[in-house]
Amino acid sequence: VQLQAFGGGLVQAGGSLRLSCVASRSIFSINFGGWYRQAPGKQRELVASISSSGTTNYVDSVKGRFTISRDSAKNTMYLQMNSLTSEDTAVYYCKMRWVWTDFWGQGTLVTVSS
C-alpha cells in the first residue's frame, strides 16, 4: 500500500490549506487515519485522527481550525487547515492503518509566514 500526501506549500498567517492523502487501495476498511506533523527540532505529533466509525480527534492547538475527513470513493483523506499561524509550520505526514499494519505517506511541507 502506498500513501501519497500533497497540498503543502507557503501560505501567509491567517490563510488556509487543504492537505490530501491518496491511498493506492480502498480506504473503506481502515481502522485509523491520522495526520501528524513534525516541526524543526521537535518530535512528531499527532494532529488529527479519524476512526473507522468516523469519530475525529484533534490536538488542542488545532481544535476549531483543522478538520480531518475522508472520501472513501476517492481513497483520500483530507486535512483542511484554516487560520494558520507560524506555529503550524511543519512537515505533515499522513498515516492509515488496515487491521494491524500502519502505512505512512511521505511528508508535505507547510510553511506559514507571519
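I began with Ser20 and found that this residue lies in strand β3, where strands (E, at least two residues) are DSSP runs numbered from the N terminus. The model is predicted, so I kept in mind that local features need pLDDT of at least 70, that side-chain atom pairs count only at pLDDT 80 or more, and that totals for chains, interfaces and linings use all residues. Residues are numbered from 1 along each chain as its sequence is written, and side-chain values use heavy atoms, with hydrogens and water left out.

I looked up the burial of Ser20 and noted a relative accessible area of 7%, so this residue counts as buried (under 20% relative accessible area, with exposed over 50% and partly exposed in between, for a 1.4 Å probe and protein chains only). Leaving aside neighbours within four places in sequence, I listed the contacts of Ser20 as Gln4, Ala5, Phe6, Trp35, Thr76, Met77 and Tyr78, contact meaning heavy atoms within 4.5 Å.

I then turned to the sheet, in which four strands are arranged openly in the order β1-β3-β8-β7 with antiparallel pairing; two strands pair if DSSP finds at least two bridges between them. The edge strands, each pairing on one side only, are β1 (3–6) and β7 (66–71). I recorded an average twist of 15° from one strand to the next, with axes being lines fitted to C-alpha atoms and angles running from 0 to 180 degrees between N-to-C directions.

Within this sheet I followed β3 (residues 17–23) to β8 (residues 76–81), and I found the two antiparallel strands joined by six bridges, with Cys21 standing opposite Met77 in β8. On going from β8 to β7 I again found six bridges and an antiparallel course, and here Ser69 stands opposite Tyr78. These two strands, β7 and β8, form a hairpin with four residues between them, and I noted that Asn75 in the turn has a positive phi of about 55°.

Finally I looked for disulfides (pairs of cysteine sulfur atoms within 2.5 Å) and found that the structure holds one. The disulfide is formed by Cys21 and Cys94, with the sulfur atoms 2.1 Å apart. This pair links distant parts of the chain, since Cys21 is in strand β3 and Cys94 in strand β9 (residues 90–98), 73 residues apart. I read the torsion about the S-S bond of Cys21 and Cys94 as about 65°, so the disulfide is right-handed. Cys21 is buried, with a relative accessible area of 0%, and for Cys94 I likewise noted a buried residue at 0%.
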